[in-house]
Every structure is written in C-alpha cells, then in structure tokens.
Amino acid sequence: MAGGGDPLRALLRAANALLQQRRYRAALAVLKGFRNGAVYGAKVRAPHALVMTFLFKSGSLREKLKAIAQATYTHSRNLAYFVFTYKGLMALQSRLQGKKIPFHSFFAACIGGWLVFGDNNPINSQIIMYLLSRILFGLSRLAVEKGYIPQPKQDPFPLVAALIWGTVLWLFEYHRHTLQPSLQSSMTYLYDDSNTWHDIFDFLIYNKRTDQ
C-alpha cells in the first residue's frame, strides 16, 4: 500500500513545485481563472435556474432538470471562457509592452465580451443586464468622485428607486414585449395572476387551479 502511494506523492510534489515557478505564474493564473469562472458560474446559475424553472416553467420533471443543467452549463462555460480570454489577453499585453496600463483591461474585456457573450441568448442577456445596472451605478459614483457632476446634497437613491419602479411597471403594463422574458414571467406572477381566483385554494394556497 505504501509503495502504491509513492508515485502519487511524487506527482503531487512535482505539481506543487511547478506551481511555485515564477516564470509560469501568468499562465497558471489564466488556468486558475478558467477554473474559478466555471465554478462561480455554476454556483450562481444552478440555484437561480432551479427556482425559476420550478416556479414558472411547465413540463415533465426530466425536462425541467434538463433545462436547469443546460442553463448551469452555459453560464459556467461562458464565464470560464471569458475569464480565460481576459486574463490571457491581459498577460499578453503586459508582456508585449512591459507594463500594465488601464487600456489593457478595457481592450481585453471588450474582446472577451465580443467572443464569449456576443451571442444574444437568455443566459448572456441576463448577465449583460446584470452588469449594465452595476456599470451605471459605478460610473455615477466615479463621475462624482472626479468632480464631473456635483456631490448630491441628499441621497439620490429614493428618487432612483421611484423612477426605476415607475418605468418598469409602465413598460410591463403597456409595452410588455420590450421586457426580458424572465422579468415578464415574474411580473405576470405578481401583478396579473393575483387578479384571478375561484376559491380559497387558488386564492391562498395555490396560484392557479390545476384542474380545468
């Protein structure tokens, strides 16, 4: 038994020694970025897909599980590919120019975004919209920090919240087709389905009657 474990221990020692080599650090960081992208994508998408699928989608259990697995795989794969591309291009640019400059980050992410997230599908659409909202907040804060716009005298968040909710419900009520499908499903459940019931069961216990 002990002899059988020696090759494994030797392999682990060799792998650990390789990981400590400074000259391979950039390439190894790209590989670990790929790993982290895959893991994080699965962690984020799996519970979201599980809830949304069982809450809003119809079909057999097998079809639902397949949809959850497909969404999780797509999110995990795309994030892994993007991190790999971004970190690889960052390392390449830094090596070619001998230093890291802000444009490198923008350029590498643009290329990765085009290659990986350029396909207009539900998963990519959700990710882009998620990032867009955070970008707008971040750019607003940066504009204040740089002095491009004056520091608000009062917290603008209540006004922002009011305008966002006012706009999204106006779109839902009168231009529903412009909203992303999962948002339409959520709002239909909240605002349309609550207008219909037949008895105590589909008023309080269930959302809709299953017996037609």
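Mentor: Start with V30. This is a predicted model. V30 has a relative accessible area of 9%, under the 20% cut-off, so V30 counts as buried.

Trainee: Which helix does V30 lie in?

Mentor: V30 is in helix 2, which covers residues 25-56.

Trainee: And what does V30 touch, leaving out residues up to four places away in sequence?

Mentor: With those left out, V30 touches F84, K87 and G88. There is also a C-alpha distance to note.

Trainee: Now P181. Is P181 buried or exposed?

Mentor: Exposed. The relative accessible area of P181 is 57%, and the cut-off for exposed is over 50%, so P181 qualifies. P181 lies in helix 7, residues 181-192.

Trainee: How far is P181 from P122, C-alpha to C-alpha?

Mentor: Their C-alpha atoms are separated by 8.2 Å. Along the chain, P181 and P122 are 59 residues apart.

Trainee: Back to the inside. Which residues form the largest nonpolar core?

Mentor: Eight residues: A49, I68, A71, F82, V116, F117, I123 and I127. Helix 3 (61-97), helix 4 (102-117) and helix 5 (122-145) each give two or more of them. Helix 3 has the largest share, with three residues.

Trainee: Zoom out. How many helices and strands are there?

Mentor: Eight helices, zero strands. From the N terminus on, the order reads α-α-α-α-α-α-α-α.

Trainee: What is the radius of gyration?

Mentor: The protein has 24 Å. A compact globule of 212 residues would be near 17 Å. The C-alpha atoms fill a box of roughly 70 × 60 × 30 Å along the principal axes.

Trainee: What share of the residues is buried?

Mentor: Buried residues make up 20% of the 212. The accessible surface is about 16400 Å², and 65% of that belongs to carbon and sulfur atoms.

Trainee: And contacts along the chain?

Mentor: Take contacts between residues at least 6 apart in sequence. Of these, 46% join residues at least 24 apart.

Trainee: Last topic, charges. How many positive and how many negative?

Mentor: There are 25 positive and 11 negative charges.

Note on methods. Residues are numbered from 1 along each chain as its sequence is written. This is a predicted model: local features need pLDDT of at least 70, side-chain atom pairs count only at pLDDT 80 or more; totals for chains, interfaces and linings use all residues. Side-chain values use heavy atoms; hydrogens and water are left out. Helices (H or I, at least four residues) and strands (E, at least two) are DSSP runs, numbered from the N terminus. The radius of gyration is taken over C-alpha atoms; the globule rule is 2.2 Å times the number of residues to the power 0.38. Buried means under 20% relative accessible area, exposed over 50%, partly exposed in between (1.4 Å probe, protein chains only). Contact means heavy atoms within 4.5 Å. Accessible areas come from the Shrake-Rupley method with a 1.4 Å probe; for residues, only the protein chains shown count as cover. Lys and Arg count as positive and Asp and Glu as negative; His and the chain ends are not counted. The place of a charge is taken as NZ of Lys, CZ of Arg, CG of Asp or CD of Glu. A nonpolar core is a set of buried Ala, Val, Leu, Ile, Met, Phe, Trp, Tyr and Cys residues joined through side-chain atoms within 4.5 Å.
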